[in-house]
Amino acid sequence: MQTILRIGTRGSPLALAQAQETQARLMAAHGLPAEAFEVVVISTSGDRIQDRPLSEAGGKGLFTKEIEEALLAGRIDIAVHSSKDMPTQLPDGLELSAFLPREDARDAFVGKAAKTIAELPRGAKVGSSSLRRQALIRRMRPDLDVVMFRGNVQTRLRKLDEGVAAGTILAHAGLKRLGLEHVVTDLIPLEIFPPAPGQGAICIETRIGDRDVETMLAAVHDVPTGQALACERAFLAALDGSCRTPIAGYATIEAGKLDFAGLIISPDGTQSHTVELQGPAQDAARIGDEAAKTVRAKAGEKFFDGWL
């Protein structure tokens, strides 16, 4: 059978699992066989750069740049991403057309020396490449030694086994998609460890105006997830969020009402400001933008000096 849709993705096991979930949902929605789809693996700069933090190498776009180039060039028809990896500014000609139903947005602790962050020995090493997670760990336990941990999920788990750190924090959604829930020693409540904007949600990027593809994706798009992400991404955009900024934001939708909670925190974890807003789900982007302005006013411009 002729290929109908080429799905672009990174080559990590988690990225492939997300591409395969997208394919499975499209097959079910349209009654198509697997042969109608081709998964195209594309190596990104973010995958290749492992020796330094993303904030020093160029930020979130390192995980999307080459895939977006392939999309614009017509070598693939859709791009499947982790929503939390997406920059708020997309290249001209591209848009986010669909979001799959969101998974659990919580962070999970995987411990070797202890089951929870609170139980870790004083001075223990905790590995993370996320500035948000690093800041939240330091807020909880200033005595811990937070070290940079790059690589895919399997690489990070291997580093734990090798004794590089006593524990690490990973997205619960990713571990579930990989069938690795059994490694979790503690699920951290959202109130203690608010997630990155977009965490747990798969998004699908397309060329603007590609009507046939948009029609196919409409059948798998989850409206509440799209509304929640519109709010969270607006919050991030208004704060100029990147891999250099420890920002958390999480929106939930129930009966047409949106509840949003946002956080900005200094990299050392010593200062933080929160915001909570509610409103109609159809006003998601406006609520996110208003929340960002509110928390920025609370913090004052000096709060961002030196780290934005």
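Predicted model: local features only at pLDDT ≥ 70, side-chain atom pairs only at ≥ 80, totals over all residues.
Rings of Phe, Tyr and Trp (its six-membered ring) pair if their centres lie within 6.5 Å. My search turned up 1 aromatic pair in the structure.

Next I looked at a charge and a ring. The charged end of Lys159 sits over the ring of Phe149, and I noted 5.3 Å to the ring centre.

Then I went into the largest nonpolar core, which has 25 residues. Among those touching the most other members are Cys231, Phe235, Leu258 and Val275. I checked where the core comes from: α9 (223-238), β11 (247-254), β12 (257-265), β13 (272-280) and α10 (284-299) each give at least two residues. The largest share is from α10, with 6 residues.

On to charges: I got 21 salt bridges for the whole structure. In one of them, Asp85 pairs with Arg10, with the closest N and O atoms 3.6 Å apart. Asp85 is in the loop between β3 and β4 and Arg10 in the loop between β1 and α1, so this pair ties together parts 75 residues apart in sequence.

Are these two partners buried or exposed? Asp85 counts as buried because its relative accessibility is 14%, and buried means under 20%. Arg10 is buried as well, at 17%.

I also looked up Lys112 and Asp161, whose side chains form a salt bridge at 2.9 Å, N to O. Asp161 is exposed, at 56%.

Terms used
Residues numbered from 1 in each chain as written. Heavy atoms only, no water. Phe/Tyr/Trp six-rings, centres within 6.5 Å; stacked < 30°, edge-to-face > 60°. Lys NZ or Arg CZ within 6 Å of the ring centre and 35° of its normal. Core = buried A, V, L, I, M, F, W, Y, C linked by side-chain atoms within 4.5 Å. Buried < 20%, exposed > 50% of the residue type's maximum accessible area, 1.4 Å probe, protein only. Helix = DSSP H or I, 4+ residues; strand = E, 2+ residues; numbered from the N terminus. Salt bridge = Lys/Arg side-chain N within 4 Å of Asp/Glu carboxyl O.
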